[in-house]
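I am opening my notebook on a structure that is new to me. I will jot down each thing I look up, in the order I look.

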Amino acid sequence: MNRTAYTNARLFDPANGLDETGALLVEDGKIADLGASLFSGGVPQDMETVDCGGKLLTPGLIDMRVFTGEPGTEFRETLGSASQSAAAGGITTIIVMPNTDPVIDDVALVDFIERRARDTAIVNVHPMAALTRGCAGEQMTEIGLLKDAGAVAFTDGDKPLSDPLVMRRALSYAHFFDALIVQHAEDRDLAAGGVMNEGELASRLGLTGRPSAAETIMIERDLRLVELTGARYHVAQVTCKASVDIIRRAKQNGLPVTCGVSAPHLTLNENDVASYRSFMKLSPPLRHEDDRLAVVEGVADGTIDVIVSSHDPQDPETKRLPFAQAAYGAVGLETLLPATLSLVHGGTLALERAIEALTTSPASLLGLKSGHLTKGSPADLTLIDMNVPWVLDPEKLKSKSKNTPYDERRLQGRAIRTIVGGKEVHVSGGK
Amino acid sequence: MTSSDANPTPLFPHRHLIGIEGLSQADITSLLDLADGYVDQNRQINKKGDVLRGRTQINLFFEASTRTQSSFELAGKRLGADVMNMSVSSSSIKKGETLIDTATTLNAMHPDLIVVRHGDSGAVELLSQKVGCSVLNAGDGSHEHPTQALLDALTIRRRKGRLEGMTVAICGDILHSRVARSNILLLNIMGARVRVIAPKTLLPIGIERLGVEVFNDMTEGLKDVDIVMMLRLQLERMHGSFVPSVREYFRYFGLDYEKLKVAKPDALIMHPGPMNRGVEIDSAVADDINRSVIREQVEMGVAVRMAALDALARNLPNEQPAGYGA
C-alpha cells in the first residue's frame, strides 16, 4: 500500500468550508483521511511523511482553458510539455481546447488526446471537443458520442460561434445531453481589424480598436438563446464591466449561465500594451483599468465563476512582428496561481474565492471528481507557499513557448508541491 | 334536387378532406368503418367497384411521391373512376404559372376529385378555394397528411381493436412532419394518449400545447407504450444542422431492440415510409413479423383512400345544375 502523510498543513478547501491546520493522508492515489486531529498522536513509522510547514494545502488547481499544439503544431507545445508547465504552476488538471490541427471534432480524436495524455502527461488532461465541425461554425458535432467518449464541454475554442441559428440549435441539442457549451464571446464582424482595446490608448498608438461591445453583444445574444433552450452556457472569458453586469443580471434571473476570466485580464490592462508589446496582445484584448477592476469585483462577488490561464503558447516568430501582425495569446500555466495571489495580497480578492475559482468551481462545472478535499476523492493536491517572493525568468518556464506577459515581473507566492493522484509531479524548494 | 337534400345526414359532411383538424370523432369513425369494407374488397380476386364510375379524379403532385400517388391512383381505379396523374415538374413552375392558375386550368376540365400534394403548408387549402370539385390533401408542407393518419388509425384499430386509451409514441423529426401533426390531431380526437420523442432541435416550439407529452429520451418516452410510430429523418436534416450525424442519431434516437425493451411486449411498430434503415430504425426491428406492421400500413392506405374518395364523392352533385354547359 502506497501511503503518504502530509502533516502540519493549512488544509484549505472552499467546497467544504475547511480552513484548519491538520494532516491529510493519501492512500493509493486517493484522499484517505484528513483533519486537525489526524496523526495528532504522531505519524506511524512505516508511512512516508511530508511536513508542510504550515503552508496552504488546497485541492489541485484546475485550468479549464489551455491551448496546446498537439496535434499539429507540436513545436509550440505538446500535451507533455503543457503538463510539465501545469505541474510547475500547481495545476493538477488541464482542459485542452479543440483548436488543434486537426480540430478535435471526432470521437477518434478525443481518444487520441486521452491516449497521448495518458502516455506523456504528468497531470490530468481532459479535452473540450469542438462545438462545430472544424470549428467552422456551420455544423454541430456529435455532442452525445463525444461526451460519452470523454469530452467535458463543447466549444470552438478561440473562435466565436457567430451564426445565431447554429448556436440556437447547438444549445437546444446539447440540452438533452446536459452538455456545457463554452463560447468565446466576441462578435467577429464588430471586432474586425481590431488588435487592441478600443479607446484613447489605441488611438494614440495608431492601432485599430476592438470595442468591448463586440463582447457584450455576443453575450446578450447568446443569453436570449439560453432563455429559449435552457442549455448550460459558459462564457470562456469576460473582460469588461458591462459583461460582468450582464452576467450578474442573468444569474439573478436564474439562467444556467456561468463565466470565466483569464489571469491576465485580472491583473493587467491596456496600458501594458504601450510600446507595442506583442506579448500583451490577447483575444479578447486587455481592457481599460475600470474594466479590470470590474472583473476582479466579479470574481470577488461570485459573478465570475472560474479563473483560467488561457495558456496559448506562441513561438517567437509569430510574436516578433509589428503589433498588428503579431499572433494573439500568452502562456499562463505557471503564472495562473501567482497572478491570482497578487489580488489576494492586494486585498481585492478573498483567498477563499480565489481558490474556489481555481478548484471547486471548474470541477463542478465540468463534472470532475476532483476540486475538493474529501475522503475518497482523488488525491489531486497543491501545496502553496503564499508569500515567497520571486522574479519570473521566461527561460525557466517549463512551457515550450516563452511568450509570457509577466516577463521579469516580481511575483509573490507559488506552488511548492503538486500532487496528481497521490503522485508528486512537482516539488520546489519554495525559495 | 341535390344529393344533400336526398341525404340530410351525409356519411361525411365535408366537401374537402384538407386535414384532420375540423373532423369529429364520428367523421373519423365513419371513414374507418367504410375503409374496413374496402380492405375486404381489396383482398378479393375481383377488386373493381363502380361507385366512382363516370367520375374524374386528378392526382396533382407538386412534390415527388411514389407510394402515396400510386395508392391514390389504385384507390380511384378500384372505385371505377377515371384517374389522371399530373406531376407538376419544377420546369412548369419555372414557366411562371402560379398555383391558382394551375387550379383554374384544371377546374375547367371538370374533374370531380382532385388529390393534391404540395411542398408548402396551406397550398392545398388555397387550391381548394379555387375549384368546384372536392379536394383531398395528400400532404401539404409540414402541415397535414390526413389519409396517412387515417390509415395509421385503421391499422391500429384492426390490430388492437380500438384507439381509445392507447398510448402512442411518435418518434423522430416531429418538426418537419405533416404525418406527426395529423396523427397527433387524430389520436387526440379518438381518445388515445400521445407522446412525442425527439431531440429538441426536431421538436416544434409549443408542441406540448397540442395535446402531447414531450420526451427527449427514447427509453423514458417509450415506457409502456402500445404503439411506436417512427418518422423518417430526411437526409438533408442529418448533417449538422438539426442533428450532428446519422450514427449519433441512430445511437440516441433510432429504434432498436434495446430501446424497445421498455415498451409493452406487444407494442406495434409503425413507419409511414420510406424508411431509412439504420438511421431512425434498426433493420431487424423494421422486419420483425411479430411487431412491425409497416407493410400492413401500405395495405390500409389503399383502403382508407378508397373510403375517403367514396365519402367525398357521395356529397358531389349527381345532376347537372340547371343551365350548366348551355
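**Aromatic rings**

I began with the rings and found one aromatic cluster formed by Y173(A), F176(A), F177(A), Y249(B), Y252(B) and F253(B). I note here that the model is a predicted one. Next I looked up the pairs: the structure holds five aromatic pairs over all chains. One of them is F177(A) with Y252(B), an edge-to-face pair. Its ring centres are 4.8 Å apart, and the planes stand at 80° to each other. Where do F177(A) and Y252(B) lie? I found F177(A) in helix α4 (residues 164-177) of chain A, and Y252(B) in helix α10 (residues 246-253) of chain B, so this pair joins two chains. Both F177(A) and Y252(B) are buried.

I then turned to Y249(B) and F253(B). Their ring centres are 5.7 Å apart with the planes at 35°, so I wrote this pair down as tilted. Both residues sit in helix α10 of chain B. They are four residues apart, about one turn of the helix.

**Cysteines**

A disulfide is a covalent bond between the sulfur atoms of two cysteines. I checked the accessibility of two cysteines, C52(A) and C171(B). C52(A) has 4% relative accessibility, which puts it among the buried residues. C171(B) has 1% and is buried too.

**Cavities**

How many cavities of 30 Å³ or more does the structure hold? I counted three. Rolling a probe the size of a water molecule over the atoms shows where empty space is left.

The largest cavity has a volume of about 40 Å³. Its lining includes S85(A), H311(A), E334(A) and T404(A). A run of chain A also lines it: V331(A), G332(A), L333(A), E334(A) and T335(A). L397(A) and S399(A) belong to the lining as well. By class I listed three nonpolar, six polar and one charged residues.

The second largest cavity has about 40 Å³ of space. Among its lining residues are M64(A), M97(A) and M128(A). R65(A), V182(A), H234(A), A236(A) and V308(A) line it too. By class I wrote down six nonpolar, one polar and one charged residues.

**Two residues of chain A**

Where does S377(A) lie? I found S377(A) in the loop between α14 (360-366) and β17 (381-391) of chain A. S377(A) is buried, because its relative accessibility is 6% and the cut-off is under 20%. I left aside its neighbours within four places in sequence and listed the contacts of S377(A): K30(A), I31(A), K369(A) and H372(A).

My last stop was L223(A), in helix α7 (residues 213-229) of chain A. Its relative accessibility is 6%, so L223(A) counts as buried. Which residues does L223(A) contact, leaving aside its neighbours within four places in sequence? I listed Y233(A), I246(A), A250(A), L255(A) and V257(A). I also looked up L223(A) against Q252(A), 29 residues apart along the chain. Their C-alpha atoms are separated by 13 Å.

Definitions and conventions. Residues numbered from 1 in each chain as written. Chains lettered and ligands numbered in written order. Predicted model: local features only at pLDDT ≥ 70, side-chain atom pairs only at ≥ 80, totals over all residues. Heavy atoms only, no water. Buried < 20%, exposed > 50% of the residue type's maximum accessible area, 1.4 Å probe, protein only. Contact = heavy atoms within 4.5 Å. 1 Å grid on protein atoms, 1.4 Å probe; cavity = no way out; pocket = protein on both sides within 12 Å on 5 of 7 lines; lining within 4 Å. Points joined across faces, edges and corners; volume = space filled by probe spheres on them. Nonpolar A, V, L, I, M, F, W, Y, C, P; charged D, E, K, R; others polar. Phe/Tyr/Trp six-rings, centres within 6.5 Å; stacked < 30°, edge-to-face > 60°.
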